[in-house]
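Subject: Structure handover

Hello,

Here is the structure we talked about. Please open it next to this email and follow along.

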Amino acid sequence: MSLAVVRDLREVRAPVSAEELEQFETDVLAGFVLARASAGLADGTIRGDVGHLEQIRAWFGRPLWEMEPSDADAYFGKVLRGSPSGTRLARSQALSTYFLFVELRHKVEIHRMTGRVVECPIDEMNRPRGSTDAQLVP
């Protein structure tokens with residue numbers, strides 16, 4: 001038996017700049033809006049979802065795909081604790097739908113760019129009560 005040279009067949013990518021990551025984040029949100037419109041949602045509903053996402057993003061200070069369950073716990077359990085239950089529910093649904101979109105369409109690319117495996121931070125332990133089904137076109 002002899003030794004052979006082994007090389008990684010995955011594409012080698014240069015590190016992504018902060019500017020490229022910011023542009024990608026903008027493109028992902030634009031794709032989310034387009035997917036929601038393709039699913040037949042009203043413009044007002046889409047604006048509401050985007051508004052919720054922008055408020056969460058402003059609090060978080062980083063791309064939403066970096067959120068962990070502990071971040072969602074802090075946001076929904078501390079920041080929104082005194083907010084009406086409808087607000088907490090609408091924000092969690094917008095965030096869950098956004099993550100569904102990101103996981104379906106951009107999970108691999110985000111992993112390649114950042115090394116992060118995207119997973120929704122809203123889980124069975126911190127999901128606000130109430131439900132509606134997300135409408136996405138995969």
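Below is what turned up, grouped by topic. Keep in mind that this is a predicted model.

**Salt bridges**

Three of them are described here.

Start with R36 and D49. Their side chains meet in a salt bridge, at 2.7 Å from N to O. R36 sits in helix α1 (residues 18–38) and D49 in helix α2 (residues 43–60), so this pair ties together parts that are 13 residues apart in sequence. R36 is buried, at 6% relative accessibility. D49 is buried too, with a relative accessible area of 11%. The cut-off for buried is under 20%, so R36 at 6% and D49 at 11% both qualify.

Next, R116 and E68. Their side chains form a salt bridge at 2.8 Å, N to O. R116 lies in the segment after α5 and E68 in the loop between α2 and α3, so the pair ties together parts 48 residues apart in sequence. Here R116 is partly exposed, at 25% relative accessibility. E68 is partly exposed as well, with a relative accessible area of 36%.

Then E66 and R62. The distance in this salt bridge is 2.9 Å, N to O. E66 counts as buried, at 17% relative accessibility. R62 is partly exposed, at 36%.

**Aromatic pairs**

Seven aromatic pairs come out of a search of the whole structure. Look at W59 and Y75. The ring centres of W59 and Y75 are 5.0 Å apart and the planes stand at 50°, so the pair is tilted. This pair links distant parts of the chain: W59 is in helix α2 and Y75 in helix α3, 16 residues apart. W59 is partly exposed, at 34% relative accessibility. Y75 is buried, with a relative accessible area of 2%.

Y75 has another ring partner, F76. The centres of Y75 and F76 lie 5.1 Å apart with the planes at 85°, so this pair is edge-to-face. F76 is buried, with a relative accessible area of 7%.

Elsewhere, ring pairs join F32, Y98, F99 and F101 into a cluster.

**Helix α3**

Which residues of α3 are buried? They are D71, A72, Y75 and F76. These residues cover an arc of only 115° around the axis, which puts them on the same side of α3. The general rule for an α-helix is 3.6 residues a turn, so residues three or four places apart point the same way. The cover over the buried residues of α3 includes α2 and α4.

A74 also lies in helix α3, which spans residues 69–79. A74 is partly exposed, with a relative accessible area of 23%. Leaving out residues up to four places away in sequence, A74 touches W59 and V79. W59 is the residue whose ring pairs with that of Y75.

**I46 in helix α2**

I46 is placed in helix α2. Is I46 buried or exposed? I46 is buried, with a relative accessible area of 6%. Its contacts, not counting residues up to four places away in sequence, are V33, R36, A37 and L41. One of these, R36, is the salt-bridge partner of D49. I46 and F32 are 14 residues apart in sequence, and their C-alpha atoms are 9.2 Å apart in space. F32 belongs to the ring cluster with Y98, F99 and F101.

**H106, between two helices**

H106 is found in the loop between α4 (85–105) and α5 (107–114). H106 counts as buried, at 15% relative accessibility. The cut-off is under 20%, so a residue at 15% such as H106 falls on the buried side. Which residues does H106 touch, not counting those up to four places away in sequence? They are F24, V28 and F101. F101 leads back to the ring cluster, where it is linked with F32, Y98 and F99.

Best wishes

Note on methods: Residues numbered from 1 in each chain as written. Predicted model: local features only at pLDDT ≥ 70, side-chain atom pairs only at ≥ 80, totals over all residues. Heavy atoms only, no water. Helix = DSSP H or I, 4+ residues; strand = E, 2+ residues; numbered from the N terminus. Buried < 20%, exposed > 50% of the residue type's maximum accessible area, 1.4 Å probe, protein only. Contact = heavy atoms within 4.5 Å. Salt bridge = Lys/Arg side-chain N within 4 Å of Asp/Glu carboxyl O. Phe/Tyr/Trp six-rings, centres within 6.5 Å; stacked < 30°, edge-to-face > 60°. Arc of directions from axis to C-beta.
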